[in-house]
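Thanks for coming, everyone. Have a look at the model on the screen, and I'll walk you through one part of it.

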Amino acid sequence: MSGFPGSPRILKGGIVLIDAANSAVLRVIALQYNPDSLTRSLQVQAVSADGGDRSEVLRLKGPPVETLKLEAEIDATDQLEFPEQNGGVAQSGIFAQLAALETMVYPNSGQLRANDLLAQIGTLEIVPMETPLALFVWSKSRILPVRVTEFGITEEAFDTALNPIRAKVSLGLRVLSVNDVPSGHKAASLFMSYLQQKERLASGAGGQLSALGLSGVP
């Protein structure tokens with residue numbers, strides 16, 4: 001069923017996986033439905049805790065640790081009404097959509113085989129496997145480099161072959177700042193763009209002291 005023709009076009013949130021070395025887009029995961037809420041938490045990185053050196057009270061060690069939590073819904077009901085046009089969903093439900101999200105937290109099978117071969121020939125030190133850089137996209141003003149910290153899936157309905165056809169996915173994300181990656185890393189430049197955009201928005205929201213009933217700072 002089509003929406004009201006005068007309704008504004010709603011942008012979709014989602015996750016983009018890129019190669020951090022050359023910025024090539026590897027995969028785009030668009031959320032089927034935008035979550036109703038997005039929980040954000042900022043842990044301040046102060047130099048001294050309560051009771052510390054009083055001369056350091058206004059100093060910061062770096063950007064706050066920002067974490068995000070959201071729940072996304074995936075539902076194949078509409079596609080299953082037209083199985084001829086949605087053969088993949090008719091055959092395996094929403095497995096493909098779930099797999100696209102789940103593989104963000106898996107090393108790929110080629111990396112696992114390569115490390116297994118290295119172990120078999122006696123390699124003493126095997127470098128941990130690196131995943132693509134994930135970007136959480138939530139409007140043009142909020143494109144954040146992130147690392148997945150929590151992942152949960154609740155499958156709520158199944159077809160006759162036990163393929164999931166409706167599920168809720170809960171995601172916990174940590175924003176990667178300049179403190180988390182080496183100098184020159186793609187995530188660092190993306191974080192700086194995010195911070196500068198935040199500063200521009202903040203400068204446009206400045207008020208006057210008169211709004212607080214003050215004529216000057218005491």
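Let's start with β6 and β7, which run antiparallel and are joined by 11 bridges. Phe-151 in this pairing sits opposite Leu-171 of β7. The two strands make a hairpin with 5 residues between them, where Leu-162 has a positive phi near 65°. Strands here are DSSP runs of E with at least two residues, helices are runs of H or I with at least four, and both are numbered from the N terminus. Two strands count as paired if DSSP finds at least two bridges between them.

A quick word on the source: this is a predicted model, where local features need pLDDT of at least 70, side-chain atom pairs count only at pLDDT 80 or more, and totals for chains, interfaces and linings use all residues. Residues are numbered from 1 along each chain as its sequence is written, and side-chain values use heavy atoms, leaving out hydrogens and water.

Now for helix α5, residues 186-203. Its buried residues (under 20% relative accessible area, 1.4 Å probe, protein chains only) are Ala-187, Ala-188, Leu-190, Phe-191, Tyr-194 and Gln-197. Among the elements covering them are β3, β4, β5, β6 and β7. That's my tour, thanks!

Definitions and conventions
The expected span of a helix is 1.5 Å times one less than its number of residues. Buried means under 20% relative accessible area, exposed over 50%, partly exposed in between (1.4 Å probe, protein chains only). Contact means heavy atoms within 4.5 Å.
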